[in-house]
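Please read the points alongside the view.

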Amino acid sequence: MRVAVVGIGGWGKNHLRVAAQLRGDGLVDEVYAVDIDENRLKWAERVYKAVPVRGVDQAADLDVDAAIIATPTTLHVAHATVFLSRGIPTLVEKPFAANLQDAYQLLDVAGKTLVTTGYLLRFHQGVRYIRENLARLGRFLTAYGKRTSRWPIRPGDVGVVKDLAIHDIDLVTYITGKRASHVYAAGGATRGVYEDHVQIFAQYGESSAIYETNWLTPYKFRKLEITGEQGIFVVDFASDEVYFYGEDGVYRPRLEIVEPLLLQDREFLKAASGAGGEVVSREDIVYTMKFCEAATLSIKTRKVLHLDDL
């Protein structure tokens, strides 16, 4: 397969590395690095033997089999459209779009062409273990996701809801199969336009969840807890550890951790080639975008928002 990675700074350089690595699987034949920075392009050519392409305009004529978009969120629609409008399967980094309207626009452009997004923590072995052993919890009661860190080195194009909380929002649904009906959020912005600290309460039928995240606390904290009648599962993404707290005490399974990004991109490229492959569905993309939109609107209005109203 011939793969274009659009945007090779920030997180995009990791997609480039993985795409080059997948040559060893026989899945990738040629990698194109698309960027406007000449130094990045020279680096990509030297380190990963990628074909340098200066700018998305030049990429419009590339003969590729798949594309990965890792540019700033506000550019996702324009950049992904270059490939989707030609029927090229495309993975758009999270958040899929800057807002729900843009997400719908991009899905319309895609038509029947494969389009997905990058929820790489679905491929974390701890998440997989919990999902496969969820029955040990009994009835699902609550979930609690917490993510903190100092300000990210990235364009200020979205706030913490779409940058950080979106991971746990997706994971709770991915693990439990439940979707929130309505949310209430409190938070604000200490600098800039976008929220940098938030607490979100979400109702999932008779179950509930709280998502807490900020860019203020000077410690990188990444944990998700799933609580049921028979126990609690905890996954620590900072240490790659999983714990089950049950009637017989605490159990920590030994897991072989493989880089989630490698697994995610491999599955996407398999799907793009027509050989199966697990990808995030359009329905899940719309759901998480609706959830995030409701949360950010709730912060401003101080009201409970129903996802069906969006």
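1. Patches are made of residues with over 30% relative accessible area and no salt bridge; like charges are joined within 9 Å, nonpolar side chains (Val, Leu, Ile, Met, Phe, Trp, Tyr) within 5 Å. A salt bridge puts a side-chain nitrogen of Lys or Arg within 4 Å of a carboxyl oxygen of Asp or Glu. Areas are Shrake-Rupley values with a 1.4 Å probe, and for residues only the protein chains shown count as cover.

2. The model is predicted: local features need pLDDT of at least 70, side-chain atom pairs pLDDT 80 or more, while totals for chains, interfaces and linings use all residues. Residues are numbered from 1 along each chain as its sequence is written, and side-chain values use heavy atoms, without hydrogens and water.

3. Tyr 184, Phe 201, Ile 210 and Val 304 form a nonpolar surface patch of about 330 Å². Val 304 sits in the loop between H9 and strand E15 (305-306). Val 304 counts as partly exposed because its relative accessibility is 47%, and that class runs between buried (under 20%) and exposed (over 50%).

4. The second largest pocket holds about 330 Å³ of space. Its lining has 16 residues; Lys 162, Tyr 194, Glu 195, Thr 296 and Lys 300 are the closest to its centre. Helix H9 (residues 282-301) gives the largest share of this lining, five residues. A pocket is an open set of points on a 1 Å grid, with protein on both sides within 12 Å along at least five of seven lines; lining residues have an atom within 4 Å of a point.

Note on methods:
On a 1 Å grid over the protein atoms alone, a cavity is a set of points where a 1.4 Å probe fits but cannot get out, and a pocket is an open set with protein on both sides within 12 Å along at least five of seven lines; lining residues have an atom within 4 Å of a point. Grid points are joined across faces, edges and corners, and a volume is the space filled by probe spheres set on the points. Helices (H or I, at least four residues) and strands (E, at least two) are DSSP runs, numbered from the N terminus. Buried means under 20% relative accessible area, exposed over 50%, partly exposed in between (1.4 Å probe, protein chains only).
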